[in-house]
Amino acid sequence: MKTWICPGSFDPVTSGHIDIIKRAAKMCDRLIVAIGINDKKAPFLTAGERRRLLEKSIAGIPNAEVDEFQGLLIEYARKMEAAAIVKGLRAVSDYEYELQMALLNKRLDEGIETIFLMSGINFSFLSSRAVRELASNGGDIRGLVPDEVLDDIMAKYR
Ligand code: PNS
């Protein structure tokens with residue numbers, strides 16, 4: 001069984017994340033959408049909130065599931081016997097950081113690939129931070145977050 005990990009902060013999940021998750025799920029048998037829990041980073045949403053929003057958003061994707069991890073992503077990927085880590089790439093600005101992460105992870109475990117999917121053209125400008133800023137200032141976030149969780153996210157940031 002080919003397992004892939006799609007990691008992220010998902011604070012909150014956006015339509016761009018779901019686009020990557022849907023496309024990646026078609027390319028593997030099991031896709032684990034893994035929320036990185038970092039005690040040094042102060043997220044806006046709790047791990048539980050991020051998890052519930054993700055679970056609601058991916059309910060229609062039969063081979064995708066949500067999990068959480070702490071510590072090194074590569075160790076988590078190894079524990080889950082994943083063949084690859086899959087991430088979305090938006091603009092050139094993502095590239096430098098993502099390349100560094102991919103190369104470090106490759107150094108830590110030669111056997112686990114990092115696979116990048118180019119973000120959909122409609123989502124290349126989109127980030128969780130932008131959603132947070134829009135939502136907390138009364139901006140319209142329809143289409144920027146999955147329909148299933150639009151009301152939850154609006155209520156959270158209002
Ligand atoms: O959505 P994000 O904020 O880009 O997600 C970042 C995440 C969680 C994927 C990243 O911070 C991560 O991999 N954290 C785990 C720690 C780790 O393994 N770092 C890379 C090795 S130096």
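Reply: Glu 81 counts as exposed, at 66% relative accessibility; exposed means over 50% relative accessible area, buried under 20%, and partly exposed in between (1.4 Å probe, protein chains only). Keep in mind that this is a predicted model, where local features need pLDDT of at least 70 and side-chain atom pairs count only at pLDDT 80 or more, while totals for chains, interfaces and linings use all residues. Numbering starts from 1 along each chain as its sequence is written, and side-chain values use heavy atoms, with hydrogens and water left out.

Back to Glu 81: its phi is positive, about 55 degrees, although it is not a glycine. You'll find Glu 81 in the loop between α3 (73-79) and β4 (84-89); helices (H or I, at least four residues) and strands (E, at least two) are DSSP runs, numbered from the N terminus.

Now hop over to the loop between β1 and α1, where Phe 10 is found. Phe 10 also has a positive phi, near 50 degrees, without being a glycine, but Phe 10 is buried, with a relative accessible area of 3%. Pro 12 has its place in that loop, between β1 and α1 (15-25), and a cis peptide bond with omega of about 5 degrees joins Asp 11 to Pro 12. For context, most residues other than glycine have a negative phi, and most peptide bonds are trans.

On to the ligand. Its shell has 13 residues, and the closest are Gly 8, Ser 9, Gly 71, Leu 73 and Met 101; a residue is near if one of its heavy atoms lies within 4 Å. The Ser 9 side chain puts an N or O atom 2.7 Å from a ligand oxygen, and a backbone N or O atom of Leu 73 is 2.8 Å from an oxygen of the ligand. The protein covers 70% of the 560 Å² of accessible area that the ligand has on its own (Shrake-Rupley method, 1.4 Å probe).

Which elements give two or more residues to the shell? They are β1 (3-8) and α4 (92-108), with α4 giving the most, four residues. By type, the shell divides into seven nonpolar, four polar and two charged residues; Ala, Val, Leu, Ile, Met, Phe, Trp, Tyr, Cys and Pro count as nonpolar, Asp, Glu, Lys and Arg as charged, and the others, Gly among them, as polar.

Terms used:
A polar contact is a pair of N or O atoms within 3.5 Å; within protein, one must be able to donate a hydrogen and the other to accept it, and residues adjacent in sequence count only if both atoms are side-chain atoms.
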